[in-house]
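Please keep the sequence and the structure in view while reading.

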Amino acid sequence: MDPNSFDDETLGPTPKPTDSASGDEILEFGSFQAHVRARLLKRNGVPLDLTPRNFDLLLYFIQNPGRDISRDELLTKVWYDVEVSVNSLFRGISTLRKILNNEDGQDPILTVPRRGYRFVPEVIEVITQKVPVDVPVDDEVITSVVQPNAPKDKVSAAPVSRSGSRRNWYVLMGIIFTVIVIFGITSQVIFKRTVTPETSEVDTSLPEPPANPRLSAAVLGFKNLTGNSDTDWISGAISEMLVFELAIGDQVRVIPGKNVAHAKIDLALRSEPRYPPKVLKQLHTHLGSDLVVSGTYILVSEKADDSKLRIDLQVQEATTGRLVTTWSSTGSPSDLIDIVGNLGEHLREVLRIPKITPQQADNLKFLLPQDAQSARLFSEAIDHLRRRDPLQARVLLEEAVENNPEHPLLHKGLAETWSYLGYNNRAAESAKRAIELADGLPRENRLEVQALYHRTVNEWDRAAEISRTLWTFYPDNLEYALDLANDQRLSGRPDEALKVIEAVREFSPEASEGLRIDLVETNVRLILGDFEGLYELSDQLIQHAEERGSRRMAAIAARQKAAAAYHLDDLDTALDEFEAADRIFIELGDQMGQILALGGKGNVFVKQQEYEKARVCYEKVIFKSRQIGNRRGEAYNLSALGNLLQRMGDFKGAQESLEAAHSIFREIQDIRGFAFNSTVIASLMISAGDYAAAIPVLEESGTLGPRMGDIYVKNIVDSMIGYCHLQRGDLERGKEFAAQSLAGAGETGDPGLLFTTLSLSASSLFLSGDLEGTEAFLLECRELPGDDIRSENMVTAQLLMAKLEIIRGHGEKAREILEEALLASDSLADRTLASDCRVAQGRISLEEGQSSEAKRLALHVLEEAGQSTIPIQETAAFALLAEASLDLGQENEVQAAMDRALELSQSIQDIPVRLDTQIAIARVATRLGDHRKARGLLDGALAVATNAGLYGYQLEADLALGQLDLAAGAVNEGQDRLERVFREASESGYISIARKADF
């Protein structure tokens, strides 16, 4: 998880902003093509000018071909967010007919007398080229990302007893880990560069500040005086009913129930019949409400077998504490709606609000279930949801929907619950069902349902349109303004979100609203990558929240400040702020808040290279996510844990964690998570040295990146595929993918990704013999800002630079670089980088005649490699040990080391490591007089190096063959070969090889 995994003003995780036009579905009819997600109509591939509303009208027709559609249905479905006359429909159809009429004059939209209209052309759905985020995908499609024939309930990974090269792999692993962390987070950070907003026209107008803001009221709940906890649910039911009663007709601005719940938690308030002036002032500060509605309820018995429910209502002014009115209403418990209706009627009279019209009375029936059992289930579910207990909320709402399947707000509540739990596909289904049933709802509630649906399918631009409409209708309602800013932020338009925030501050001078406005701005600053601004704003928000007693807001702000400090590399401050936030969330009983703070601490530990502490944090987050039922959070953290365990050398644990994550991603149909987890699975295969298995997994995963409109995914996958081809000896393909990734990384401007691709490109050039190009890329790596570049990456680059200096004959300089790299690598949990450094040091020691030191280093590496079962380090160390032992005259140890090195080299696909081993063992065989074995090894190595274009290895193999010819008595052949090697090595900068060839 990331320092900022969830948006606190929403029920679920905030998906990464995506290009709204990505994931297109194309519907063809005749010579026309309608691009659904891009919202574009073309004729024979040529774009046509069509307003957004007319495109909606056309889309509704082509999605319902051959069916008679009434005028009312079209007005309801197409003009769902505004009240218009039928003339708007007539004009729209007239415009479409002019555009769509065929050459033969046939009308594509027929008027059907007394029934409406019918769309005549045959519509063909073109195979989708891109799939939008979070759209349900068949299990077969998702399974193929792992392996084409893999079982759906099992992730196929290479055996953990084998390991691939770590030379450049740490660079990739660092980037993948960052991505998994950020996407498990929130995907709010860093990714502004990958977001492309729709190219269609976007409304940027803002409403005028309200001349006469409406009266505001907060319903705080009703105290249970029955003495029976089984009737606690009635308090929530009364509150929800009164909220709807007061809101109907748009005369009163009712404070949302979630805001009231947060304030009561902050102030540690219980429901009371009446509140003292001091508490009322605190409530006014928190909620900005003019009035506070509260009361009690009790069961009274007029007869022994006949209990009545009596509700006593009190209304107080929040600023003065003055009692505005009291009222009682009594009736049968089964008539709860009527009892509350009487209270609402009295409130309207006292507040001088017009009585409810018959039409509004009909609307009220759609706002709450009419039967007592469904009302109880709904009330209890909403309470659980506000207390962040979505599991129980889901159970209650599913039962309520089963009892009352035609009630729109039950489906809306279930959609919110599914979203909280991470099931966006199920959330979308429930929201869509709510829309279908929403015709009887008041306009405001209909629009809220529409907005919810668009958010569940990541259609942030459409959600923003509705939020803007709602704010225009109700300019004194801060909720809709903040919704608009959030929707703009997530649609990739953070600059517009800042303009909305600036306007809202003028609308809402209240202190309580100022805190919430600041909070939304922190989210915008986060996605903009303005970490300095985020740090300063969050720090101010903490102070203001503490001054006003808003503990929850202070905790959230502390977490935002920690996120800023994390990205500014101020890790001590980040850890302090996460811990401060965690303490407050524990006091408030906010489990989700605790999870986010704990995940943030884990991220800090990773950046501090405290891997064991990070592991403990992630495991706790996973456990807590399971407790509250957040499947998406559980999956992303399992994936992050798998990545972390892999870095720590626990390949078995990594595999188990990744399998569990994959199963959940498939269950909740999260394409984005599935794609990233597939990337981590491929990294596990690479760590096991199984490049052949990793490449198809990466290729499948790479296809999901463009479908999601995400160049970040594509660049990572390109880097990994290029790495696999390099290690398999296919230099040309490796260089091709490295170049692709480097170009894409330049577009993102992300330092970590740039470091990855520059380092990989340097490796390509190094293997092909371009030493100057290698150095240039490595120097570029050094110049990058270090905030997002982990030390593993730097050590990897230092290793490559040291090898470059060895080739150039600068042994002392190479040793200095390796000492620095070893000092850094010794602080890492994974010892393989340190092993690479020591093997390189051992090679220098051999060159300088320090064979005892070379042997010591080889044995040190073997000891550590044996503990972590990493054969690739053992292979290099055994080859070094064989040469050092021979130099020391310890021939009894040489043969065993030779045999073991060759045996291990056959179990890995890493071509450079295999060539290193073959050439080293061939040199030993030459000195032992086993010329046949030496020639076989060297001829094979030269053929592989030449075929793969690995220039340095060609020179090394040629050099060894020349030395073998001299040892075998073929002096002329040997001299000719060495002269050629000397000339070529001198010209290309391989000074160390030239020196050895200068006999």
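## Terms and basis

Axes are lines fitted to C-alpha atoms, for helices over the stretch in contact, and angles run from 0 to 180 degrees between N-to-C directions. Helices (H or I, at least four residues) and strands (E, at least two) are DSSP runs, numbered from the N terminus.

The model is predicted: local features need pLDDT of at least 70, side-chain atom pairs count only at pLDDT 80 or more, and totals for chains, interfaces and linings use all residues. Residues are numbered from 1 along each chain as its sequence is written, and side-chain values use heavy atoms, with hydrogens and water left out.

## Helices α13 and α15

Helix α13 covers residues 408–421 and helix α15 covers residues 443–456; their axes come within 11 Å and cross at roughly 30°. The two helices are therefore roughly parallel to each other. Angles under 35 degrees count as roughly parallel, over 145 as roughly antiparallel, 65 to 115 as roughly perpendicular and the rest as oblique.

The crossing of α13 and α15 is left-handed. A crossing has this hand if the near helix is turned anticlockwise from the far one by less than a right angle, and it is right-handed if clockwise. Lys412, Ala415 and Glu416 of α13 make the contact with Glu448, Val449 and Leu452 of α15, where contact means heavy atoms within 4.5 Å. By class, the contact of α13 with α15 has three nonpolar, no polar and three charged residues. Here Ala, Val, Leu, Ile, Met, Phe, Trp, Tyr, Cys and Pro count as nonpolar, Asp, Glu, Lys and Arg as charged, and the others, Gly among them, as polar.

## Helices α1 and α2

Helix α1 (residues 52–62) packs against helix α2 (residues 71–78) at an angle of about 125°, with the axes 10 Å apart. That angle makes α1 oblique to α2. The crossing of α1 past α2 is right-handed. Arg53, Asp56, Leu57, Tyr60 and Phe61 of α1 form the contact with Glu73, Leu74, Lys77 and Val78 of α2. These residues divide into five nonpolar, no polar and four charged.

Leaving aside neighbours within four places in sequence, Asp56 is in contact with Arg39, Val78 and Arg462.

Helix α40 (residues 931–948) and helix α41 (residues 951–967) pack at an angle of about 155°, and their axes are 9 Å apart. They are therefore roughly antiparallel to each other. The crossing of α40 past α41 is left-handed. Residues of α40 in the contact include His931, Leu938 and Thr946, while those of α41 include Tyr953, Leu961 and Ala967. By class, the contact of α40 with α41 has 10 nonpolar, three polar and four charged residues.

Gln975 lies in helix α42 (residues 971–988). With 28% relative accessibility, Gln975 counts as partly exposed. Gln975 and Gln963 are 12 residues apart in sequence, and their C-alpha atoms are 8.6 Å apart in space.

## Residues in loops

Gly288 sits in the loop between α8 (277–287) and β10 (291–303). Gly288 counts as buried, at 4% relative accessibility. The C-alpha atoms of Gly288 and Ala217 are separated by 8.9 Å, although these residues are 71 residues apart along the chain.

Asp250 belongs to the loop between α6 (233–247) and β9 (252–254). Its phi is near 65°, a positive value in a residue other than glycine. Asp250 counts as partly exposed, at 28% relative accessibility. Arg352, in the loop between α9 (336–350) and α10 (358–367), has a positive phi of about 60° although it is not a glycine. At 78% relative accessibility, Arg352 counts as exposed.

## The protein as a whole

The protein contains 43 helices and 12 strands. Of its 999 residues, 60% are buried. Among contacts between residues at least 6 apart in sequence, 66% join residues at least 24 apart.

The protein exposes about 38,000 Å², and carbon and sulfur atoms supply 48% of that area. Accessible areas come from the Shrake-Rupley method with a 1.4 Å probe; for residues, only the protein chains shown count as cover.

Notes: Buried means under 20% relative accessible area, exposed over 50%, partly exposed in between (1.4 Å probe, protein chains only).
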